Structure formats: structure tokens, C-alpha cells
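Subject: Structure handover

Hello,

Here is the structure I promised to pass on. Please open it and keep it in view while you read my notes.

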Amino acid sequence: KNAFPPNFIHSLDSCHMMLTSLNCEKAGITFISVHDCYWTHPCNVDLMNKICREQFVLLHSEKILENSSEFLIQKYGFDKM
């Protein structure tokens with residue numbers, strides 16, 4: 001139980017990083033990351049910043065926790081515990 005919250009948050013951070021990376025590639029800019037540090041060429045910082053923020057909003061606009069809960073209840077019947 002104690003491991004779920006930090007691992008869940010870490011998975012969201014990782015997903016955000018991947019979405020940012022994929023969209024930077026689509027925009028034709030270099031993207032490098034280590035954990036929560038994102039890098040690009042200085043001339044692309046403004047575009048990377050825009051992409052990063054857009055992807056954050058899109059990701060966190062989803063009902064991620066609600067969808068996960070519904071999946072676990074359907075798959076494993078956790079609501080009967």
C-alpha cells in the first residue's frame with residue numbers, strides 16, 4: 001500500500017517525459033532527459049518549454065486514477081474486499 005503513491009507519481013512523470021520526447025521529435029528538435037531534467041539546444045528551449053507544458057496539461061486532463069480504479073475493480077474485483 002505504501003509503495004503505490006510514489007510509484008504511481010513516478011509513472012506519471014515518466015509518461016510526461018515520453019510524451020514530451022515524442023512531440024519534440026515530431027517538431028524536429030533534439031530532446032535529452034535524465035529523470036526530471038529535460039535538455040535541448042538553447043535555440044529550441046522556448047519550443048521545448050511549450051511542448052512540455054502542453055503535454056503536461058493533456059496528460060493530467062485525463063481521468064488516469066479513475067480509469068485505473070475502474071480497471072482494477074473490473075479485472076480483480078477489488079471492490080469486494
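First, a term. A pocket is an open set of grid points where a 1.4 Å probe fits, with protein on both sides within 12 Å along at least five of seven lines; its lining residues have an atom within 4 Å of a point. Rolling a probe the size of a water molecule over the atoms shows where empty space is left. Keep in mind that this is a predicted model.

The largest pocket

Which residues line the largest pocket? They are I9, H10, L12, D13, S14, H16, M17, H35, D36, Y38, F56 and H60. The space in this pocket comes to about 250 Å³. Two helices, α1 (4–27) and α2 (45–60), each bring at least two residues to the lining. Helix α1 gives the most, with 7 residues. By class, the lining holds 5 nonpolar, 5 polar and 2 charged residues.

The second largest pocket

The second largest pocket has a volume of about 160 Å³. Its lining draws two or more residues from each of α1 and α3 (64–76). Helix α3 has the largest share, 4 residues. Look for F4, F8, L65, S68, S69, L72 and F78 around this pocket. How many charged residues does this lining have? It has none: the classes are 5 nonpolar and 2 polar.

In soluble globular proteins, nonpolar side chains tend to be buried together. Here the largest nonpolar core has 8 residues: M17, C24, I29, F31, Y38, M48, I51 and C52. Helix α2 gives the most, with 3 residues.

Set aside residues up to four places away in sequence. I51 then touches T20, N23, C24, A27 and I29.

Start with Q55, in helix α2. Is Q55 buried or exposed? Its relative accessibility is 8%, and buried means under 20%, so Q55 counts as buried. Leaving out neighbours within four places in sequence, Q55 is in contact with H16, L19, T20 and N23.

Next, T40. This residue sits in the loop between β2 (37–39) and α2. T40 has a relative accessible area of 19%, so it is buried. The cut-off for buried is under 20%. What does the side chain of T40 reach? It reaches the backbone oxygen of T30, at 2.4 Å. Beyond four places in sequence, T40 touches I29, T30, V45 and M48.

Last, L58. Like Q55, L58 lies in helix α2. L58 is exposed, because its relative accessible area is 52% and exposed means over 50%. L58 and G28 are 30 residues apart along the chain, and their C-alpha atoms are separated by 20 Å.

Best wishes

Key. Residues numbered from 1 in each chain as written. Predicted model: local features only at pLDDT ≥ 70, side-chain atom pairs only at ≥ 80, totals over all residues. Heavy atoms only, no water. 1 Å grid on protein atoms, 1.4 Å probe; cavity = no way out; pocket = protein on both sides within 12 Å on 5 of 7 lines; lining within 4 Å. Points joined across faces, edges and corners; volume = space filled by probe spheres on them. Nonpolar A, V, L, I, M, F, W, Y, C, P; charged D, E, K, R; others polar. Core = buried A, V, L, I, M, F, W, Y, C linked by side-chain atoms within 4.5 Å. Buried < 20%, exposed > 50% of the residue type's maximum accessible area, 1.4 Å probe, protein only. Contact = heavy atoms within 4.5 Å. Polar contact = N/O pair within 3.5 Å; in protein donor to acceptor, adjacent residues only side chain to side chain.
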